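Subject: Handover of a structure and notes on what it contains

Dear colleague,

Please find below the structure that I am handing over to you.

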Amino acid sequence: MTTVDLSEFDVPGRGRGLLDVLRWRYLLRLLVRKGTATRYRNSVLGWTWSYVKPGIQFLVYWLVMGFIFGMDRGLENFPVYLFSGFVAVNFFNEAFGNATSSIVDNRALVKKIYLPRELFPIAAVWVAFVHFLPQLAILLVVCVLTGWIPTFAALGAALLGMLILGATSLGLGLFFAGLNVRFRDAQNFVEILRMLATWASPVLYTWTLVAEKLPEWVLYVYMVNPLTIAVEYFHYAFWQPTIPDERFHGFAPHFELYTAGAVVLCAAFLVIGQLVFRRFERSFAQDL
């Protein structure tokens, strides 16, 4: 009896998870291009909104927290401190939100053809990164005007912060994208998490305030939060070079251990998110 070699064939509807993205790079590029091209379709201002919306949000926070509540007192160059943390959290919020809704938003493709479903959350994170770049460009201009000089340490800290934000948003996005197809309440829960993200990291205040006002164990939990670590690296990359050395409050004690803990959490988010995503992936077409 003649045997047929089926080693090159895949079982329909079941891939290798995130590893399949490497095989489907072309389709990933198409999804990213689609996401960036359609974001501001039929919009008069177009990509200008990528500058206007975060700019208005920043001004509101600056006026309220800086002038009304006086959070800028004793914190030199508060606008750069605020904006460097603000763009980091904005990137996370958009990437996390887009990844969560990516399967539902692409229900037409999911229901008609097979392709690795992980492509949609990954493409959503990439699209968020593309929209993050205009905000980063504004931050760089402001930093240069206030005396910022790039160093390898600053650039490395910014890159590490971006990687932590991207991994965290992808891991959580995979987890909630799978849940969101079956239970649409997941989207509302994600909105609550995104709302809390700005307050759960040192964007509007410094980590020293947490150390002064809250118990020590709370500081440990707070500092191992990947968002906190990423925001602190952004502060080190963009804010710290614009102020005198003696005015920099420094990293929290044992910051390298907190960074390691945050990286472990990112890896855990990716693994758990992938497992949950694949668990619900089997019924995506029916649930949609």
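The notes that follow go from the overall fold to helix packing, aromatic pairs and a few individual residues.

Please bear in mind throughout that this is a predicted model.

Overall fold

The protein contains 12 helices and zero strands. Its pattern along the sequence is accordingly written α-α-α-α-α-α-α-α-α-α-α-α. Of the 288 residues in the protein, 47% are buried. Among contacts with a separation of 6 or more, 81% are between residues 24 or more positions apart.

Helix packing

Two packed helices are described by the angle between their axes and the distance between the axes. Two such contacts are set out here.

Helix α1 (residues 25–38) and helix α5 (residues 119–145) have axes that come within 9 Å and cross at roughly 50 degrees. This angle makes α1 oblique to α5. The crossing of α1 past α5 is right-handed. On the α1 side, the contact is made by L27, L28, L31, V32, G35 and T36. On the α5 side, L119, F120, I122, A123, W126, V127, V130 and H131 take part. By class, the residues of this contact between α1 and α5 comprise 11 nonpolar, three polar and no charged.

Helix α7 (residues 185–197) packs with α6, their axes coming within 8 Å and crossing at roughly 145 degrees. From α6, the residues F176, L179 and N180 meet A186, Q187, F189, V190 and L193 of α7. The contact of α6 with α7 has six nonpolar and two polar residues, and no charged ones.

Aromatic pairs

A pair of aromatic rings is described by the distance of the centres and the angle of the planes. The count of aromatic pairs in the model comes to 19. One of them is formed by F78 and Y81, which are stacked at 6.5 Å centre to centre with 20 degrees between the planes. F78 and Y81 are three residues apart in helix α3 (residues 78–105), and therefore about one helical turn separates them. Both F78 and Y81 are buried.

The rings of W148 and F238 form a pair that counts as tilted, because their centres are 6.0 Å apart and their planes stand at 35 degrees. This pair links distant parts of the chain, 90 residues apart: W148 is in the loop between α5 and α6 (152–182), and F238 is in helix α10 (residues 226–239). W148 has a relative accessible area of 10%, so this residue is buried. F238 is likewise counted as buried, because its relative accessibility is 3%.

Ring pairs also join several residues into a cluster, consisting of F91, W126, F129, F132, W148, F234 and F238.

Individual residues

Which residues does N180 touch, leaving aside its neighbours within four places in sequence? They are T100, S101, V104, A186 and Q187. N180 lies in helix α6 and has a relative accessible area of 3%, so N180 is buried.

V181 is also placed in helix α6. Its relative accessibility is 3%, and V181 therefore counts as buried. The C-alpha atoms of V181 and T100 are separated by 9.3 Å, while the two residues are 81 residues apart along the chain. T100 is also one of the residues in contact with N180.

L82 lies in helix α3. With a relative accessibility of 0%, L82 counts as buried. L82 and V203 are 121 residues apart in sequence, yet their C-alpha atoms are 5.7 Å apart in space.

Is H254 buried or exposed? At 51% relative accessibility, H254 counts as exposed, because the cut-off for that class is over 50%. H254 belongs to the loop between α10 and α11 (255–281). Most residues other than glycine have a negative phi. The phi of H254, by contrast, is positive, near 65 degrees.

With kind regards

Methods. Residues numbered from 1 in each chain as written. Predicted model: local features only at pLDDT ≥ 70, side-chain atom pairs only at ≥ 80, totals over all residues. Heavy atoms only, no water. Axes fitted to C-alpha atoms, helices over the stretch in contact; angles between N-to-C directions. Helix = DSSP H or I, 4+ residues; strand = E, 2+ residues; numbered from the N terminus. Parallel < 35°, antiparallel > 145°, perpendicular 65-115°, else oblique. Left-handed = near helix turned anticlockwise from the far one by under 90°. Contact = heavy atoms within 4.5 Å. Nonpolar A, V, L, I, M, F, W, Y, C, P; charged D, E, K, R; others polar. Phe/Tyr/Trp six-rings, centres within 6.5 Å; stacked < 30°, edge-to-face > 60°. Buried < 20%, exposed > 50% of the residue type's maximum accessible area, 1.4 Å probe, protein only.
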